[in-house]
Amino acid sequence: MPLHRLDISQLRNLSNVRFQPSPQVNLISGANGSGKTSVLEAIHLLSLGRSFRSHKHKTYIQKETSECVIFALLEQAETPIGMSQPPQPIGLKRQLDGSLEARVSGQKIQSLIELTQALPVQLINPDAFRLLEGSPKIRRQFLDWGVFHHATGFINAWRGWQKALKQRNSLLRRGKISDSLLLAFDHELIRLGSEVNQYRHDYLDRLIPVFKQVLLSLNAELEVNLQLYQGWDAQKSLAQALDASRPRDIESGYSNTGPQRADLRVKTPHGDALDALSRGQQKLVVSALKIAQGKLLIESGRSIVFLVDDLPAELDKEHRDKLCQLLEALDSQIFITSVGPEIMDYNWSETTDVRHFAMKAGELSHYPSDALQES
């Protein structure tokens, strides 16, 4: 479901931006602080309900205003008999007091999951290194995003497991509880936690060969492997691991073992990718991970929007071209930003709908045709 129209109001320096993007490639250039990254931020907000630039909503709501509003029309696939469908409206309003209201097809949603289902996005930006250098939670979120979009039963298992985990931890915090009482709470935790773990393993088995294929296209010299640490000894069942950890859990007041401890480990023959690779190589690895996830989603019959912020950062022209070539081959909607004309120098296919936009002081316009010729 590519974006057919995008309206952004009162988000940072974007007071009132409305434009019709290409269903394929959109290139946005402008000076630092002009607002080009805020366009990508708006799309990210519309998909996940949160910004990739700040956890504080007050930082992206325009000063001296009480709310920001993002609205889009999503193109829908044709019906099985070849009939076109009207665009699907999707919108989000975040208010200064923190309240959030979102609608899909005119109906107020009950969960942000409905936004993510309607508009899947993948972000590649200068902070993408956080996937490698950040906490295991960031890598779990990356993995679970893919599992969520591929396994319909995952979200219910994950929610149920999270509820059981919170109940168990609440009981542990009370102190002085018996093993038998804790064991009574563990049955559901084990059942649902084992389901979550199996979903993650199954998805990673599908992701690994696609990731290796994409990384090979970006850099044939890089050898990187993905491993899932499931949160406990792989030679034991979750029931066995919890049984062994129960005395420690009672003493510490929280659960030390389980899927909440899982981590996606990114390894090279010389150690962790974070330690063994240069910044440019790390960006290629993260880009390959994001593209591989998108590729899997596309192969399942879904659409996805790629957001690439500051394309030249850490990448030379050769690798920028390879990245653009991979994205173009996916035939997905892409938004790419850059300060300078670097995003203009890739030779896009004549059959690809490429639209160039210039951002200046919060105003978005089509890039001047004479400037395109000069670049």
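Predicted model: local features only at pLDDT ≥ 70, side-chain atom pairs only at ≥ 80, totals over all residues.
Reader: Let's start with α6 and α9. At what angle do they pack, and how far apart are the axes?

Author: The angle is about 125°, and the axes are 8 Å apart. Helix α6 covers residues 179-218, while α9 covers residues 279-299.

Reader: Is the crossing of α6 and α9 right-handed or left-handed?

Author: Right-handed.

Reader: Which residues meet there?

Author: On the α6 side, they include Y203, R206, L207, V210 and F211. On the α9 side, L284, V285, A288, I291 and K295 are among them. By class, the residues of this contact of α6 with α9 are 14 nonpolar, three polar and two charged.

Reader: Now α5 against α6. How do those axes run?

Author: The axes of α5 and α6 come within 8 Å and cross at roughly 150°. This crossing is left-handed.

Reader: And who's in the contact?

Author: From α5 you have F154, W158, W161 and R168, among others. From α6, the residues include F185, D186, E195, Y199 and R200. The contact of α5 with α6 splits into 15 nonpolar, two polar and four charged residues.

Reader: What about α4 and α6, what's the geometry?

Author: Helix α4, residues 136-150, packs on α6 at about 90°, with the axes 9 Å apart. The two are therefore roughly perpendicular to each other. R140, F142, D144 and H150 are among the α4 residues in the contact, and Y199, R200 and Y203 are among those from α6. The tally for α4 with α6 is seven nonpolar, two polar and four charged.

Reader: Switching topic: how many aromatic pairs does the structure hold?

Author: Four aromatic pairs. One of them is F154 with Y199: the ring centres are 5.9 Å apart and the planes stand at 85°, so the pair is edge-to-face.

Reader: Where do F154 and Y199 sit?

Author: F154 lies in α5, residues 154-174, and Y199 lies in α6, so the pair ties together parts that are 45 residues apart in sequence.

Reader: What's the story with the rings of W158 and W161?

Author: Their centres are 6.5 Å apart and the planes are at 65°, so this pair is edge-to-face. W158 and W161 are three residues apart in α5, about one helical turn.

Reader: What relative accessibility does each have?

Author: W158 has 29%, so it counts as partly exposed. W161 has 1% and counts as buried.

Reader: Last one, D272. Where is its place?

Author: D272 is in strand β11, residues 271-272. At 34% relative accessibility, D272 is partly exposed.

Reader: What does D272 touch, leaving aside neighbours within four places in sequence?

Author: V266 and K267.

Reader: And how far is its C-alpha from that of S349?

Author: The C-alpha atoms of D272 and S349 are separated by 37 Å, and the two residues are 77 apart along the chain.

Key
Residues numbered from 1 in each chain as written. Heavy atoms only, no water. Axes fitted to C-alpha atoms, helices over the stretch in contact; angles between N-to-C directions. Helix = DSSP H or I, 4+ residues; strand = E, 2+ residues; numbered from the N terminus. Left-handed = near helix turned anticlockwise from the far one by under 90°. Contact = heavy atoms within 4.5 Å. Nonpolar A, V, L, I, M, F, W, Y, C, P; charged D, E, K, R; others polar. Phe/Tyr/Trp six-rings, centres within 6.5 Å; stacked < 30°, edge-to-face > 60°. Buried < 20%, exposed > 50% of the residue type's maximum accessible area, 1.4 Å probe, protein only. Parallel < 35°, antiparallel > 145°, perpendicular 65-115°, else oblique.
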